[in-house]
Amino acid sequence: MKSLFLSSLIALSLCSCMSETAKQTIEEYNRMFEKVTTLEKLVQTSDFSTLSGEEIVTLYNTGNELYYDYNPMDLKEEQKAACEALKERVAKLRVEIPAKAKAEIPNFKITPWPAGDKLFEKTETFPVFLKRGEKLRWSFSAQKPMNVKVIDYNSRATLKTYTGKAMVNDSLAIEHDAIYLVEVNPLGTQYVDMDINYKVTEMARLTASTPIKVEQVECNKGDFGAVAVQGVSMRKAFEQPRKFTLRGQLKAAFSGSAIALVAVQVPAGATDILYSMRIDTSESGRSSDGKFHDNLNTSYKKVKFLGLPLYEKTNSSGLLNTLLDDNRPLRDEDAYCNMYVFRSQSLAKQFQDGTKPASQLSYDVDYSTLGTQSCNGRIPANGSKTIYLGFENERVRYTNYLWVEAEVVVPTMVYYTTKYSVE
């Protein structure tokens, strides 16, 4: 009875006649008394099921870390009794708090994705890392039939399949530590009321779901999850840059030429020619000459797995123009010339021989360019087996030097898959 009375004291008072040791003991008692009283009320009145995972773990750790002892030196008997009673209350809380927190583990569900209405327009996959003994649960309510799969990503095994169902409500007891995928195919565009969650068995797993790293990686046709995407392969039209000297009109009247022609062979299946043309007033080359092929492939690797269509025959300009924009040649502001695109050998020969001026020849107006500085561009093959690029220096006095590189673009099927890993 006396112990119960002492344990209910609000605090022990300090007085000036106390030793420093006793004062420190009383101050520590008062701090712990307040903390213990708060925790006791929490344990007695709180519903732990309303707490978040982080709050349950914090409370559990608080109980485990709770500790109190005292130095009896210079204390009165009633003060010692109060300290001893507080020590017993702390020992009791060290058992009660972790036990009550652990009791909530089976009832607590972790929802990695927002539950509720979601608009699906295509197949979406929800990855989650689970440990043996845990339980994965899912619920879907759709407007129309849909397909759902549950996959063990580590073993590549499909564990559950639901085909043409508008309502799906099920669970899975986890037998192996692994990444699990819940794949939802809406079979069109529709709203789906969804809830994917799981239950754990360990206190440490309550705080948050394990982060999953998601990557798009290139793969082979038969690999797990392989998706075919129309991509491109690029090859050099000629091994080294073609270099031309375009003399000024005045000098060309006596020696040399103000025009040049280069033929680009178009192999079967090729859809486009990409070219880079650097014009300079100096004959000196640059370190960037001859790097067009490598630079295009580097840019292609950066953009080909961004979740967008890589290439479409009917609208190929998006990808190819992106590659060209990344690899514009440096310009000499004083150097410019005309470039003509011919699809006929006879017209190209007339241009080369100078029998007719270019203005009187039927060149491809859409892809020819007059008065251009250094640039790059795209020329659709449009069934041509050879495309001729004609260059002309219209300047009267000044010589231009020209470096031309070209790439042949051939559509090809690329396969990629989504790679999941625990971060």
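Buried means under 20% relative accessible area, exposed over 50%, and partly exposed in between (1.4 Å probe, protein chains only). This is a predicted model, where local features need pLDDT of at least 70, side-chain atom pairs count only at pLDDT 80 or more, and totals for chains, interfaces and linings use all residues. Residues are numbered from 1 along each chain as its sequence is written, and side-chain values use heavy atoms, with hydrogens and water left out.

**View 1. Leu 59 in helix 3.** Leu 59 lies in helix 3. Helices (H or I, at least four residues) and strands (E, at least two) are DSSP runs, numbered from the N terminus. Leu 59 counts as buried because its relative accessible area is 8%. Contact means heavy atoms within 4.5 Å. Leaving aside neighbours within four places in sequence, Leu 59 is in contact with Leu 39, Leu 42, Phe 48, Leu 51 and Ile 97. Gly 390 is 331 residues from Leu 59 in sequence and 79 Å away in space, C-alpha to C-alpha.

**View 2. The buried side of helix 3.** Gly 53, Ile 56, Val 57, Leu 59, Tyr 60 and Gly 63 are buried in helix 3. They are on the same side of helix 3, because they cover an arc of only 160° around the axis. The arc is that of the directions from the helix axis to the C-beta atoms. An α-helix has 3.6 residues a turn, so residues three or four places apart point the same way. The buried residues of helix 3 pack against helix 2 (20-45) and helix 4 (77-103).

**View 3. Helix 2 against helix 4.** The axes of helix 2 and helix 4 are 10 Å apart, and the helices pack at an angle of about 35°. Axes are lines fitted to C-alpha atoms, for helices over the stretch in contact, and angles run from 0 to 180 degrees between N-to-C directions. Residues of helix 2, including Tyr 29, Phe 33 and Val 36, meet residues of helix 4, including Leu 86, Val 90 and Leu 93.

**View 4. His 293 in helix 6.** His 293 has its place in helix 6 (residues 292-303). His 293 counts as buried because its relative accessibility is 17%. Not counting residues up to four places away in sequence, His 293 touches Met 234, Arg 235, Lys 236 and Glu 407.

**View 5. Residues 1-10.** Over residues 1-10, pLDDT stays under 50. pLDDT is the predictor's confidence in each residue, from 0 to 100. Where pLDDT is low, the predicted coordinates should not be read in detail. The protein chain has a mean pLDDT of 87.
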